[in-house]
Amino acid sequence: MQPHIYKFSKLQLSKHKVIYLALLIIFVILIIFAFYNDLSTKKRITTWRNVGEVTPKSLLKKVVTKKSTRYLDISSIKVMRISLNGANNLYIFDYGSPQFCGAGGCLYSVYNYSGKTLLEFIANPKLPKPQKLIKVGENVNQGFPCLNITQITDTHKLLSQTEFCYQNGHYVPLNKNFITEKNE
């Protein structure tokens, strides 16, 4: 069997065959990279960023105008941008301002790229460490991902998760589940 391997290693390729082989390898690498990149963007890892980093100026102007208050500090606003496949983005605003907080929590707003309010809700951002206030759900309706909002309850170590899905121009609550703090 060794003589056959030895003959294979002495195989000579012409200059054209080497070029075609190199192009084929590059093409396969690009396909694998594109497939991996597509899978990684579907995970939709989202984080809060400073408003100026991710928000178009025209959208920010509309949001600030709608939420006009004398002492709104724009630098305290955090935004979570959610990229949509084949469409513009969603923007979730955390105003970071005492004027938008009360006993039940703070105001959060979800806008589309053009500045239309799709959802407003009050939530308490203080959750146990591994929990996230807002997660992008697996379900998609009319091209928009569902949003899962987690909140603490009055029952010790019990959290509620409400799924909001896009329907007829805005987000509506669809499902509510209860989980313990140990989950996730």
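Predicted model: local features only at pLDDT ≥ 70, side-chain atom pairs only at ≥ 80, totals over all residues.
**Strands β7, β8 and β9**

Strand β8, which spans residues 144-152, is mostly covered, since eight of its nine residues are buried. Strand β8 pairs with two other strands, and both pairings are antiparallel. With strand β7, formed by residues 134-141, the pairing runs over five bridges, and within it N141 stands opposite F144 of β8. With strand β9, formed by residues 158-167, β8 is joined by six bridges, and here L147 has F164 of β9 as its bridge partner.

In the hairpin of β7 and β8, where two residues lie between the strands, Q142 has a positive phi near 55 degrees. In the hairpin of β8 and β9, where five residues lie between the strands, the residue with a positive phi is K157, with a value near 60 degrees.

**Salt bridges**

Side chains of opposite charge can pair when their charged atoms come close.

| Salt bridge | N to O distance | Relative accessible area, Arg or Lys | Relative accessible area, Glu |
|---|---|---|---|
| R49 and E53 | 2.9 Å | R49, 37% | E53, 46% |
| K67 and E120 | 2.4 Å | K67, 12% | E120, 38% |

In the salt bridge of R49 and E53, with 2.9 Å from N to O, R49 is partly exposed at a relative accessible area of 37%, and E53 is likewise partly exposed at 46%. In the salt bridge of K67 and E120, the pair links distant parts of the chain, with K67 in the loop between α4 (57-66) and β2 (78-82) and E120 in strand β6 (residues 117-123), 53 residues apart. K67 counts as buried because its relative accessible area of 12% falls under the 20% limit, whereas E120, at 38% relative accessibility, counts as partly exposed.

**Y71 in the loop between α4 and β2**

Y71 is also placed in the loop between α4 and β2. Is Y71 buried or exposed? Y71 is exposed, with a relative accessible area of 59%, which is over the 50% limit for that class. Y71 and Q99 are 28 residues apart in sequence, while their C-alpha atoms are 8.3 Å apart in space.

**Aromatic pairs and a cluster**

The count of aromatic pairs comes to eight. One of them is formed by Y108 and F121, whose rings are 5.4 Å apart, centre to centre, with 10 degrees between the planes; this pair counts as stacked because the planes are under 30 degrees apart. The pair links distant parts of the chain, as Y108 belongs to strand β5 (residues 105-112) and F121 to strand β6, 13 residues apart. Both partners count as buried, Y108 at 1% relative accessibility and F121 at 9%.

Y108 and F121 also belong to one aromatic cluster together with W48 and F164. Of these cluster members, F164 is the bridge partner of L147 in the pairing described above, so that this residue of β9 takes part in the strand pairing as well as in the aromatic cluster, under the strand pairing rule of at least two bridges.

Note on methods:
Residues numbered from 1 in each chain as written. Heavy atoms only, no water. Buried < 20%, exposed > 50% of the residue type's maximum accessible area, 1.4 Å probe, protein only. Helix = DSSP H or I, 4+ residues; strand = E, 2+ residues; numbered from the N terminus. Salt bridge = Lys/Arg side-chain N within 4 Å of Asp/Glu carboxyl O. Phe/Tyr/Trp six-rings, centres within 6.5 Å; stacked < 30°, edge-to-face > 60°.
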